[in-house]
Amino acid sequence: MGWKGRDIISIREFSKKDIDEVLKRSSEMDRRPKKSLVGKKLSAIFFEPSTRTRLSFETAMHNLGGEVIGFNESKGTSVEKGESLVDTVKIVERYSDCIVMRNPLEGSSRLAAETSSIPVINAGDGSNQHPTQTFLDLYCIKKNFGKISGLKIGLVGDLKYGRTAHSLALGLSHYVDSLRLISPQNLSLPSHISNEVSARTKIDERTDLKLDDLDVVYMTRIQKERFPDLEDYEKTKGVYVLTKERASKINGIIMHPLPRVDEISPEVDSLKQAKYFEQAACGIPVRMALLEMVMKG
Amino acid sequence: MGDERVSDLKAKKIENGTVIDHIKAGHAPQLLRILGFEKPQDPVIILVNMDSKTLGKKDIIKIENKVLNEEKINRIALVSPEATINIVKNFTVRKKLKAHLPDVIKAIAKCPNRNCISNFEAVPTFHVQDKRGQNFRCHYCERLLGTEELIL
C-alpha cells in the first residue's frame, strides 16, 4: 500500500515492513531535513491537552515549510455548541491538506479518517492507540542500539489505560522475542492487546520491579484521568518509582513518553541511562517523515 | 412424543417458510429483533419455553412465506449457536441448516465500551470485525469482545 493519502490510525495496520520504512525515512529526515511541504496546511485539532505531541507536530510541519491551523482544546470551538465530530472534520478538511487529531473517545480517529478525504493522523484516541508515539519510541531505541531485534525490553507502570503502552507493545511484538510487562495486577495490559502481542512474542508479566538486566526500561505514568475509580488511583500511584539509586543500577536506557508525575525522580535526569528527553526530540524527525509520507508519498 | 410433534399440536404447521428450532429458551424475542422481524409482514409463530430433550427448554420461531438468507441465518449464531434452521416447502422440511458466526456484524450490535465513539455519534456502519473464534473486535475502539458482550 502506498503512503500518499494513507491514514495513520492504529499501529495494528502497519506491518514490520511499514514500520521499517517509517524508521528509515525518519533517519533520513534527521540527517537531512528538507522543506518538502511548502504551501501545505496541517490542521491540528486537539480535544485533549497535549504538550509534546502537539508542539512536535507543529514544529515538524513548520520545518517542512508548511503551515498549521487548529485548536488545543474544544473550549471556544463549536464543539461547545454541540457540533459533532463528523461535522467538525467535514469543515476542517476543507481548510487543510492533512489532519492530526487527539480526542478522548476511543475510535474517534477512525471515524475522522472515514469521514475525511484528506489523511488523518491519530495523535491519541482515548486509551486506545497513539501510533506516532510508537514510531518515535522505536526510532529512539534504534538510534541508541542500532537495532530493535534481540533487545530485552520492559514496559512498566500503567499498562491498562496507557495508550502509548498499548501501541508500543504491538509495535515491539514485530521485533523482539520476548517482552517484560511490569505493572500492578489491576493495571496489566488488557487482553485485547496482550492476546495479539503474545501471538508474536513471549510475554513475561510480573509485578516486581526487575529492571537491571533490561536494555530498555520504558516507564509510564499512572494516569489519574483514566481511572473510573479514584480510590483505585490513590491505592496505585507511587507504586513504581525510579529513584536515582534504583535507576543507576539499570544497565540499559530509561524511556518515558512524558509527562511524568513522580514515577521518575528528577535526580535520574542526570544519569546516562536517562533518555526520555532525547526520546521526545525524536518526535520531530519522525513526525516530519510521517507528514511527508502521507501528504507526498 | 417428539418435540416437533408437541409443538405442532400447539401451533399450525407452516406450508412454506423457515422454522428456527432449538433456540436458547427466552431468546426468541431478541432473535426476532436482530433478524428484523419486530413488525413482520407475514405470519410469525413464536413458541417459548417448550420442553426439549437436548436443551431442557427451548424456543421455536416459525416464519411463514419467508426463507432466510445466509446472512440472516448467521446472525442467529450470535444469540443461539445451537439453533437449527429448517427450510419448509409444501409442509415438508426440504433443508436443514446450522448458523455460523458471521465474520462481520453490521448495524445490529452496539459496542459495550461506553467510551467508544460509536456510542456518541451516528457512525455510518458499526461493525465488529476480525473474528477470532467467538470474539469480535470493535471496528472503532478496537476492543476485543465476546458475543455475549455485544449489545444486540
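Buried here means under 20% relative accessible area, with exposed over 50% and partly exposed in between, using a 1.4 Å probe and protein chains only. Helices (H or I, at least four residues) and strands (E, at least two) are DSSP runs, numbered from the N terminus.

Before going on, some housekeeping. This is a predicted model, in which local features need pLDDT of at least 70 and side-chain atom pairs count only at pLDDT 80 or more, while totals for chains, interfaces and linings use all residues. Residues are numbered from 1 along each chain as its sequence is written, chains are lettered from A and ligands numbered from 1 in the order in which they are written, and side-chain values use heavy atoms, with hydrogens and water left out.

Back to the helix. H11 of chain A covers residues 283-296. From its first C-alpha to its last, H11(A) reaches 19 Å, close to the 20 Å expected; the expected span is 1.5 Å times one less than the number of residues. Among the buried residues of H11(A) are A:Gly283, A:Arg287, A:Leu291 and A:Met295. After the helix comes A:Gly297, with a positive phi near 105 degrees.

What is the helix packed into? In soluble globular proteins, nonpolar side chains tend to be buried together. The largest nonpolar core has 56 residues, and the ones that touch the most other members are A:Phe135, A:Ile153, A:Leu155, A:Leu172 and A:Leu291. H11(A) gives the most to this core, with eight residues. A nonpolar core is a set of buried Ala, Val, Leu, Ile, Met, Phe, Trp, Tyr and Cys residues joined through side-chain atoms within 4.5 Å. Another core, of 51 residues, lies apart from it, and its members include A:Val120, B:Ile73, B:Leu78 and B:Leu150.

Take A:Leu172 as an example. Leaving aside neighbours within four places in sequence, A:Leu172 is in contact (heavy atoms within 4.5 Å) with A:Leu138, A:Ile141, A:Ile148, A:Ile153, A:Leu155 and A:Leu179.

Now the empty space. Rolling a probe the size of a water molecule over the atoms shows where empty space is left. The search uses a 1 Å grid over the protein atoms alone: a cavity is a set of points where a 1.4 Å probe fits but cannot get out, a pocket is an open set with protein on both sides within 12 Å along at least five of seven lines, and lining residues have an atom within 4 Å of a point. Grid points are joined across faces, edges and corners, and a volume is the space filled by probe spheres set on the points.

How many cavities of 30 Å³ or more are there? The count comes to one, and the largest cavity holds about 60 Å³ of space. Its lining includes A:Arg52, A:Gln133, A:His256, A:Tyr276 and A:Arg287. H10(A) supplies the largest share of that lining, three residues. By type, the lining of the largest cavity has five nonpolar, four polar and two charged residues. Ala, Val, Leu, Ile, Met, Phe, Trp, Tyr, Cys and Pro count as nonpolar, Asp, Glu, Lys and Arg as charged, and the others, Gly among them, as polar.

The largest pocket has a volume of about 570 Å³. Of its 20 lining residues, the closest to its centre are A:Ser127, A:Tyr161, A:Pro228, B:Asn113 and B:Arg143. That lining divides into six nonpolar, eight polar and six charged residues.

The second largest pocket holds about 430 Å³. Its lining has 22 residues, with A:Arg102, A:Arg163, A:Arg221, A:Leu258 and A:Pro259 nearest the centre.

A:Gln223 sits in the loop between strand S8 (216-219) and helix H8 (230-236) of chain A. Buried or exposed? A:Gln223 counts as buried, at 10% relative accessibility. Not counting residues up to four places away in sequence, A:Gln223 touches A:Asp158, A:Tyr161, A:Gly162, A:Arg163 and A:Tyr233.

The other is A:His192, in helix H7 (residues 191-198) of chain A. A:His192 counts as buried too, at 9% relative accessibility. With neighbours within four places left aside, A:His192 is in contact with A:Arg12, B:Arg137, B:Glu142, B:Arg143 and B:Leu144.
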